[in-house]
Amino acid sequence: MIFGRHNFFRMAVIVKGMDGFLGMALGLVILLISNEQVINFFNFATSYELNEDPTDWLANVLIQFAQQLSANTRIFLAFYIGVYGFIKVVLAYGLWKRII
């Protein structure tokens, strides 16, 4: 059976490990980019919506978030997301090797 429980479990563990690696990479990216780059990204991401509706609530909240993002907040986010990703990778490895 191709899609048996065991194969489904293996695929889920692989996806969990890949998600963990992406989380660690995102944490690193958050550390390496500047506040100006964050603001530029959110301006680019919301520009189409704000051109259509300048009062769009979500787009305006995202722009305000980017403008008020401090260096300490970025460090906290990077650490949190990176450590969370690392824990996912460790758990996926343990499940794959049947340690856990």
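Residues 24 or more positions apart account for 70% of the contacts in the chain with a separation of 6 or more. A contact here means heavy atoms within 4.5 Å. The model is a predicted one; local features need pLDDT of at least 70, side-chain atom pairs count only at pLDDT 80 or more, and totals for chains, interfaces and linings use all residues. Residues are numbered from 1 along each chain as its sequence is written, and side-chain values use heavy atoms, with hydrogens and water left out.

The chain holds four helices and zero strands. Read from the N terminus, the order is α-α-α-α. The radius of gyration is 19 Å, well over the 13 Å that the globule rule gives for 100 residues, so the chain is more spread out than a compact globule. That radius is taken over C-alpha atoms, and the rule is 2.2 Å times the number of residues to the power 0.38. Helices (H or I, at least four residues) and strands (E, at least two) are DSSP runs, numbered from the N terminus. The C-alpha trace spans about 55 × 30 × 15 Å along its principal axes.

Of the 100 residues in the chain, 23% are buried. Buried means under 20% relative accessible area and exposed over 50%, with partly exposed in between (1.4 Å probe, protein chains only). The accessible surface comes to about 7900 Å². Carbon and sulfur atoms contribute 70% of this surface. Areas come from the Shrake-Rupley method with a 1.4 Å probe; for residues, only the protein chains shown count as cover.

Charge was examined next. There are 7 positive and 6 negative side chains. The centres of the two sets lie 33 Å apart. Lys and Arg count as positive and Asp and Glu as negative, whereas His and the chain ends are not counted. Each charge is placed at NZ of Lys, CZ of Arg, CG of Asp or CD of Glu.

The largest nonpolar core has five residues: Val38, Phe42, Ile63, Ala66 and Leu69. Helix H2 (35-52) and H3 are the elements that give two or more residues to this core. Such a core is a set of buried Ala, Val, Leu, Ile, Met, Phe, Trp, Tyr and Cys residues joined through side-chain atoms within 4.5 Å. In soluble globular proteins, nonpolar side chains tend to be buried together.

Ala66 is in contact with Val38, Ile39 and Phe42, leaving aside neighbours within four places in sequence. Leu69 sits in the loop between helix H3 (57-68) and helix H4 (71-96). Its relative accessibility is 9%, so Leu69 counts as buried. With neighbours within four places again left aside, Leu69 is in contact with Asn35, Val38, Arg74 and Leu77. Leu69 and Tyr80 are 11 residues apart in sequence, and their C-alpha atoms are 16 Å apart in space.

Thr46 lies in helix H2. This residue is buried, at 5% relative accessibility. Not counting residues up to four places away in sequence, Thr46 touches Ala59, Leu62 and Ile63. Ile63 is also one of the five residues of the largest nonpolar core.

Helix H1 (residues 5-32) includes Arg5. Arg5 is exposed, with a relative accessible area of 80%. The C-alpha atoms of Arg5 and Phe21 are separated by 24 Å, and the two residues are 16 apart along the chain. Gly27 is also found in helix H1. In contrast to Arg5, which is exposed, Gly27 is buried, with a relative accessible area of 4%. Gly27 touches Ala78, Ile81 and Gly82, not counting residues up to four places away in sequence. Between Gly27 and Phe79 the C-alpha distance is 6.4 Å, across 52 residues of sequence.

Val89 is found in helix H4. With a relative accessible area of 16%, Val89 is buried. Not counting residues up to four places away in sequence, Val89 touches Gly17, Gly20, Phe21 and Met24. Val89 and Arg10 are 79 residues apart along the chain, and their C-alpha atoms are separated by 14 Å.
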